[in-house]
Amino acid sequence: MKLFHSSTGKRLSTGRRVASVAALATTVALIATGCAGGGSSSDSSSGGSGGGDAKTIAFLPKQLNNPYTDVVLGGGKKGADAIGYTSSVVGPLEASASSQVTFINTLTQQGTNVIVIAANDPDAVGPALQEARDAGAKVVAFDSDTAPQYRDVFVSQVVSKDVALIQLKQMSEQIGGVGDIAILSATANATNQNGWISDMKAELASNPAYKGINLVTTVYGDDDDTKSFQETQGLISAYPNLKGIISPTTVGIAAAARYLSTSDSKGKIVLTGLGLPNEMRAFVKDGTVKEFALWDPAQLGEVAAYAGQALEDGTITGAEGDKFTAGDLGEKTVGADQTIIVGPPTEFTADNIDQYDF
Amino acid sequence: MTLSTKPNPAGAGAPARSGAAATDRNASAFSTFVRAREIPVASALVVLVVITAVINSQFLNPQGVKDLLLNATILIIMAAGQSLVIITRNVDLSVGSVLGLVAFGTGSLFNAFPNIPIVVVFLIGMVFGAVLGGINGLLVTAAKVPALVITLGTLYIFRGVLNAWAGGTQYFAGDRPVSFSDLSTETVIGFPIITLIAVFVVVAVAIFMHAVRSGRDLYAIGSDPDAALLFGIPVSRRVLYAFVANGVLTGLAGVLYASRFNSVGATTGDGLELNVVAAAVVGGVAIAGGSGTVYGAAIGALLLTTITSALTAVRVDKFWQQAIVGLLILASIIVDRVASIRRARKLRVSEARDV
């Protein structure tokens, strides 16, 4: 509390008190602008070009200013332009469970036609999304699903299980099918991460080819570079027999690769997972990482935009078997659990990584 | 006559009643030593490292030691800077955002001028930090609003500017010269180069605080700003310089961050300010100002980062780790409070006797 008494409290003259109040008010105003500037940056709405009648589609990613998200949103913008919707991007600067709720409320008040969301938490956003749908909005979940009752369809990168399996396959090949491995995930309640992790666990338990592999632990780097870096360090010091790390998140795998490339463990500990080619290129070339996987994130955003349009104009309702055309990407079909699959995962190695730029 | 010849704490407890002058001097030197706020922290650090090394023999292998030092380096530099500000009874909460701006600036510099000399990058980073620290210092001293509020404001402003500047752009270690990254991987007699930089910074600042008049002034200002003003100390100027010096050190930390970690972008350094303040407080720098040392803050930083690594190495759940760090902060504040109450009581007793 003494921090508040730094100036000469009792003898403060009226003039100085006024000055203090003014300065305080200025500071508060500055804080407010700071927040506002942060909260709605990279807003890519096309500035009223539609003349007011264009339908609106809003993308609400897990977190703004995330390189992976930017590629996804780039695709979303392309799709939205193609269908003639006015698009905007809003979202929090940190990937926490509750931070998306206020953005959903605002979109509802604005009467947005289609809300495309990647949920940081499947349930936390539920009530807000329900209100949005009651107000007439169509809700498309993409990248990371909400609980099914809160959205119309879910656009999934790939078949979730394929993503899990490809990472295990890459790991098993490199460690010769035997040894301790660990998982470096994002946040502890990220839907997509947890889905892949449980698929990996199920596969490890049921597939005899993997019976020599022992998953020792899962740690969470919260999609933060520094935290993921130190979690990697911690894994290696806590589990001296560790053979490999699977990191199904782009931030995690890059941070882990950075640590491995600068430590004694380079080349001794296998690292696979999901990464962006541009972030991983240096580590593939210096031998820290042999292979990793991902899908084309831009297609994810694009398909989500087309799915939103198809819902809005009634082409699909989310029922299994519904079909719609996603521009150049061709016809997509709604599968079980209102899920639309974009395509198969891609594996990146030193041989093909230079063909990709995202 | 050395401290180790007087291990009996009972002697330290009763220096005032002792008759012999020589014993008195010894005892008071010893009691100063035991009462020093840094001692409990340093002891905790040693105990922690020893216990962890016994449980997990990997903890102190060469790579493990290197990681411990590297993890602490950036926090040590920032805690040293922060302690300058806290000692004047202020605080700078914007340091996480300042670090982010400088780190991203470093990435941008190497991106725009791939052949720029590394020394120039360090200089630009520190000047950039000094400017941002200067903004804080000017606002605090000119507006006479508590630093807590001002720097909370600049925390968001600087972060907002960084978000607008960086957007989704990130610069990666691969974009920077290898010799720059090498600073945080190569070692000289077992110490990583950037850790040696941190040690140099702490020693330099500690000497300044101990031996230079304007350094002593900072303690006087923190103890009683009104008295310091009456005494003729240029309070505003000193406080401003403390903020600028903190900015310079945070700028240095920002450049080193870009050397150490893979990516720099909009979220770099987010939330770091609380770790920095915690390190200073745990290291015995009183949050109310006027006391504490730079090397105490540095030890606090080392303890906080080491405890995280140690708890991970013995496989303690991550969520407990945060609780333990919180306990440490409370414990150090309680120790500090108890010490000052005892000191006050002792002063009252001796004054009463003199009457």
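What share of the contacts in chain A between residues at least 6 apart in sequence join residues at least 24 apart? The share is 73%, where two residues are in contact if their C-beta atoms, placed from the backbone, lie within 7 Å.

This is a predicted model, in which local features need pLDDT of at least 70, side-chain atom pairs count only at pLDDT 80 or more, and totals for chains, interfaces and linings use all residues. Residues are numbered from 1 along each chain as its sequence is written, while chains are lettered from A and ligands numbered from 1 in the order in which they are written.

**View 1. Chain A and its open sheet of six strands.** The secondary structure of chain A comprises ten helices and 14 strands; helices (H or I, at least four residues) and strands (E, at least two) are DSSP runs, numbered from the N terminus. Of its 358 residues, 51% count as buried, a residue being buried if 20 or more other C-beta atoms lie within 10 Å of its own, exposed if 12 or fewer, and partly exposed in between, with C-beta atoms placed from the backbone. The strand order in the sheet is β2-β1-β3-β4-β5-β13 (chain A), with parallel pairing; two strands pair if DSSP finds at least two bridges between them. At the edges stand β2 (86–89) and β13 (339–341) of chain A, each with a single partner strand, so one side of each is left without a neighbour in the sheet. On average, neighbouring strands of this sheet are turned by 20° against each other, direction ignored. Strands β1 (residues 56–60) and β3 (residues 114–117) of chain A run parallel and are joined by four bridges, and A:L60 stands opposite A:I117 in β3(A). Helix α10 (residues 297–312) of chain A packs on the sheet, where it touches β1, β3, β4 (138–142), β5 (153–156) and β13 of chain A, and its direction makes about 160° with that of β4(A); axes are lines fitted to C-alpha atoms, for helices over the stretch in contact, and angles run from 0 to 180 degrees between N-to-C directions.

**View 2. A:D143 in the loop between β4 and β5 of chain A.** Although A:D143 is not a glycine, its phi is positive, at about 70°. With 23 C-beta neighbours inside 10 Å, A:D143 counts as buried. Most residues other than glycine have a negative phi.

**View 3. The open sheet of four strands in chain A.** The order here is β7-β6-β8-β9 (chain A), with parallel pairing. From one strand to the next, the twist averages 25°. Four bridges connect the parallel strands β6 (residues 179–185) and β8 (residues 242–247) of chain A, and A:I181 has A:G244 in β8(A) as its bridge partner. Helix α6 (residues 191–206) of chain A lies across β6 and β7 of chain A and runs at about 165° to β7(A).

**View 4. Helix α7 (residues 147–166) of chain B.** This helix of 20 residues reaches 27 Å from its first C-alpha to its last, close to the 28 Å expected at 1.5 Å a residue, the expected span being 1.5 Å times one less than the number of residues. Because 16 of the 20 residues of α7(B) are buried, the helix is largely enclosed by the rest of the structure. B:I157 lies in α7 of chain B and counts as buried, with 22 C-beta neighbours inside 10 Å. After α7(B) comes B:G167, whose phi is positive, near 55°.

**View 5. Packing of α4 (residues 62–87) and α13 (residues 272–282) of chain B.** These helices pack at an angle of about 70°, with their axes 8 Å apart. That makes α4(B) roughly perpendicular to α13(B) (angles under 35 degrees count as roughly parallel, over 145 as roughly antiparallel, 65 to 115 as roughly perpendicular and the rest as oblique). Among the residues that meet are B:L75, B:M78 and B:I86 in α4(B), and B:V276 and B:A280 in α13(B). By class, the contact of α4(B) with α13(B) has eight nonpolar, three polar and no charged residues; Ala, Val, Leu, Ile, Met, Phe, Trp, Tyr, Cys and Pro count as nonpolar, Asp, Glu, Lys and Arg as charged, and the others, Gly among them, as polar.
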